[in-house]
Amino acid sequence: MTFQDNVTRAIGNTPLIKLKRASELTGCTILGKAEFMNPGQSVKDRAALFIIEDAIARGALKPGGVIVEGTAGNTGIGLAMVADALGFRTVIVIPETQSQEKKDALRTFGAELVEVPAVPYANPNNYVKISGRLAAELAASEPNGAIWANQFDNVANREGHIRTTGPEIWEQTGGRVDGFVSAVGTGGTLAGVGMALKAKNKDVKIALADPKGAALFSYYTTGVLKSEGSSITEGIGQGRITKNLEDAPIDLAYQIPDEEGIPLLFDLIAQEGLCLGGSSGINIAGAIRLAKDLGPGKTIVTILCDSGTRYQSKLFNPEFLRSKGIPVPEWLIRPSRITV
Ligand code: PMP
């Protein structure tokens with residue numbers, strides 16, 4: 001018999017999938033790590049598991065305790081899933097702008113949701129800051145205590161990628177990886193995978209793919225945190241150097257507008273059967289740019305962060321796309337020709 005003890009043991013060991021069109025376009029082998037195949041259906045399951053296991057090991061999280069977090073959704077879904085499996089509760093503070101599908105998934109996993117207006121990090125009522133205050137209150141009032149997961153500045157997050165995602169990519173490519181590229185939410189994925197790959201081979205190029213509205217492209221190219229524009233993607237786009245990003249070995253940075261990243265998602269569905277979320281589009285556009293910079297024959301890896309099904313009401317909604325000036329794929333508006 002082969003089985004896992006519980007669902008948390010099914011996190012990680014995701015396959016690498018060749019991205020055919022991106023590879024043909026560049027003459028490189030562009031591979032996507034299929035993180036949407038994690039049990040909570042995103043790359044954030046890894047961070048959730050490492051943050052919870054670290055809190056248990058430190059004695060901070062006791063049986064029946066509460067895990068509090070501010071999250072764009074995927075970390076919350078991962079935390080709620082792991083918490084359910086291991087006997088904890090979750091309270092999630094989420095900006096109301098995030099997709100209905102993610103909010104529904106959080107409720108389905110039993111998380112208590114606190115929806116708050118989306119305001120910048122500098123505002124004391126930013127969702128991350130509210131979650132920190134709420135965790136301190138619940139730590140005092142809850143019978144089994146509470147912890148703040150604090151994914152942005154808790155380096156147990158990137159440790160998950162140093163110990164799992166990075167080594168998996170090294171093994172799966174037989175050490176023949178030339179570049180890795182990813183967008184940043186907390187920075188756990190980019191910094192953690194970057195550190196793990198550089199430890200194996202310092203010549204592997206690590207690149208940031210930054211959406212419009214984030215400040216990191218400016219930071220890694222000019223040293224100044226500055227942002228302009230906006231993006232419809234969720235879960236990525238950072239305005240500060242989080243603890244997870246400190247000392248991240250970043251060689252190159254690209255700024256990817258939605259007009260470049262989002263249409264790739266439609267082609268991937270139609271031609272490769274891959275239905276992915278917006279951040280994956282930014283990542284794949286980044287991988288194409290890195291491949292062009294490194295030249296043909298190289299192997300580039302990026303992250304397929306979550307599934308497009310998590311954004312059906314937005315990314316695959318013709319009205320929403322039109323309102324954002326993004327061309328609507330014809331099959332989304334094509335009436336069915338079949339009658340019975
Ligand atoms: N894509 C999606 C859809 C996400 O939810 C996140 C995490 N917020 C990321 C990418 C970025 O991952 P990280 O936090 O490791 O930078």
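This is a predicted model: local features need pLDDT of at least 70, side-chain atom pairs count only at pLDDT 80 or more; totals for chains, interfaces and linings use all residues.
User: Let's start with α2. How far apart are its end C-alpha atoms, and what should the helix span?
Analyst: The end C-alpha atoms of α2 (residues 44-57) are 20 Å apart. At 1.5 Å a residue, its 14 residues should span 20 Å, so the two agree.

User: Is α2 mostly covered or mostly open?
Analyst: α2 is mostly covered, with ten of its 14 residues buried. Among them are Leu49, Phe50, Ile51 and Ile52, and also Lys44, Asp45 and Arg46.

User: What do those buried residues pack against?
Analyst: They pack against two strands, β3 (66-70) and β6 (146-148), and against the helices α3 (74-86), α6 (156-172) and α7 (188-200).

User: And what follows α2?
Analyst: Glycine 59 follows α2, and its phi is positive, near 80 degrees.

User: New topic. Where does serine 230 lie?
Analyst: Serine 230 is in the loop that runs between α8 (216-222) and β9 (252-256).

User: Why does serine 230 count as partly exposed?
Analyst: Because serine 230 has 13 C-beta neighbours inside 10 Å. A residue with 12 or fewer would be exposed, and one with 20 or more would be buried.

User: Which residues is it in contact with, leaving aside neighbours within four places in sequence?
Analyst: Serine 230 is in contact with Lys212 and Gly213. Proline 211 is 19 residues away from serine 230 in sequence, with 7.6 Å between their C-alpha atoms.

User: Now the ligand. How many residues surround it?
Analyst: The ligand is surrounded by 20 residues, and the closest are Gly185, Thr186, Thr189, Gly235 and Ser279. Helices α3 and α7 each supply at least two residues of that shell.

User: How do the shell residues divide into nonpolar, polar and charged?
Analyst: Six are nonpolar, eleven are polar and three are charged.

Key. Residues are numbered from 1 along each chain as its sequence is written. Helices (H or I, at least four residues) and strands (E, at least two) are DSSP runs, numbered from the N terminus. The expected span of a helix is 1.5 Å times one less than its number of residues. Two residues are in contact if their C-beta atoms, placed from the backbone, lie within 7 Å. A residue is near a molecule or strand if its C-beta atom, placed from the backbone, lies within 6 Å of it. Ala, Val, Leu, Ile, Met, Phe, Trp, Tyr, Cys and Pro count as nonpolar, Asp, Glu, Lys and Arg as charged, and the others, Gly among them, as polar.
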